[in-house]
Amino acid sequence: MSNADELLVDVAAMVESEKSNQMSLTVVTGGAVITGRLAPEAVWRQRVSEILRDSDRLGPFSGVFTAGGTRDRPDRDEPPTHLHFHVARILQGSMGIPETGGMYRVAIKDVSAWTVGDFSYSDS
């Protein structure tokens, strides 16, 4: 999409306002289907930073995600431009990758389709 879907921007703005962290969403972007729960950007950045900090090889990148924080950015009054997924999976056939869920950042303008809710998986 060349222009961001205004309804999706409104959903992201509500998540960013931290009024709810329970919004499950499934999006199609670049041919991939991503399903999971949205988080405010600041929460997402903090969690990614923690994951990186615990890695011997990737620890030095940890600070990139928390440097300056998101609350002090001048564009904070602008509508969100990205969705921040946690506990998310990329759908691949009948399974989700990774099984335990991952952290994904998706540009709203790149979302070509979306629906409320996420998909669960079963072995049956």
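## A partly exposed leucine and its patch

Leu58 counts as partly exposed, at 36% relative accessibility; the class lies between buried (under 20% relative accessible area) and exposed (over 50%), taken with a 1.4 Å probe and protein chains only. Leu58 sits in the loop between α2 and β3. Together with Phe61 and Val64, Leu58 forms a nonpolar patch on the surface, with about 280 Å² of accessible area in total. Such patches take residues with over 30% relative accessible area and no salt bridge, nonpolar side chains (Val, Leu, Ile, Met, Phe, Trp, Tyr) being joined within 5 Å and like charges within 9 Å.

## Basis of the model

This is a predicted model, in which local features need pLDDT of at least 70 and side-chain atom pairs count only at pLDDT 80 or more, while totals for chains, interfaces and linings use all residues. Residues are numbered from 1 along each chain as its sequence is written, and side-chain values use heavy atoms, with hydrogens and water left out.

## Overall make-up

The chain has two helices and five strands, in the order α-β-β-α-β-β-β from the N terminus. Helices (H or I, at least four residues) and strands (E, at least two) are DSSP runs, numbered from the N terminus. Of the 124 residues, 31% are buried. The chain exposes about 7700 Å², and 53% of that comes from carbon and sulfur atoms; accessible areas come from the Shrake-Rupley method with a 1.4 Å probe, and for residues only the protein chains shown count as cover.

## The sheet and its helices

The five strands form an open antiparallel sheet in the order β4-β3-β2-β1-β5. β4 (95-107) and β5 (111-116) are at the edges with a single partner strand each, so one side of each has no neighbour in the sheet. Two strands pair if DSSP finds at least two bridges between them. Eight bridges join β3 (residues 82-92) to β4; Leu83 has Val106 as its bridge partner in β4, and Gln92 has Met95. The β3-β4 hairpin has two residues between its strands, and Gly93 in the turn has a positive phi of about 65 degrees.

Helix α1 (residues 6-16) packs on the sheet and touches β1 (24-29), β2 (32-38), β3 and β5, where contact means heavy atoms within 4.5 Å. Helix α2 (residues 41-53) lies across β3 and β4, at about 125 degrees to β4. Axes are lines fitted to C-alpha atoms, for helices over the stretch in contact, and angles run from 0 to 180 degrees between N-to-C directions.

## Phe85 in strand β3

Phe85 belongs to strand β3 and is buried, with a relative accessible area of 0%. Beyond its neighbours within four places in sequence, Phe85 is in contact with residues including Leu25, Val27, Ile34, Trp44, Met103 and Val106. The C-alpha atoms of Phe85 and Arg105 are 6.2 Å apart, at 20 residues along the chain.

## Salt bridges

The whole structure holds four salt bridges, each a side-chain nitrogen of Lys or Arg within 4 Å of a carboxyl oxygen of Asp or Glu. Glu41, Arg45 and Arg105 are linked in a network. Glu41 is buried at 5% relative accessibility, Arg45 is buried at 18%, and Arg105 is partly exposed at 39%.

The closest N and O atoms of Glu41 and Arg45 are 2.9 Å apart; both residues lie in helix α2, four residues apart, about one turn of the helix. Between Glu41 and Arg105 the closest N and O atoms are 3.3 Å apart. Glu41 lies in helix α2 and Arg105 in strand β4, so this pair ties together parts 64 residues apart in sequence.
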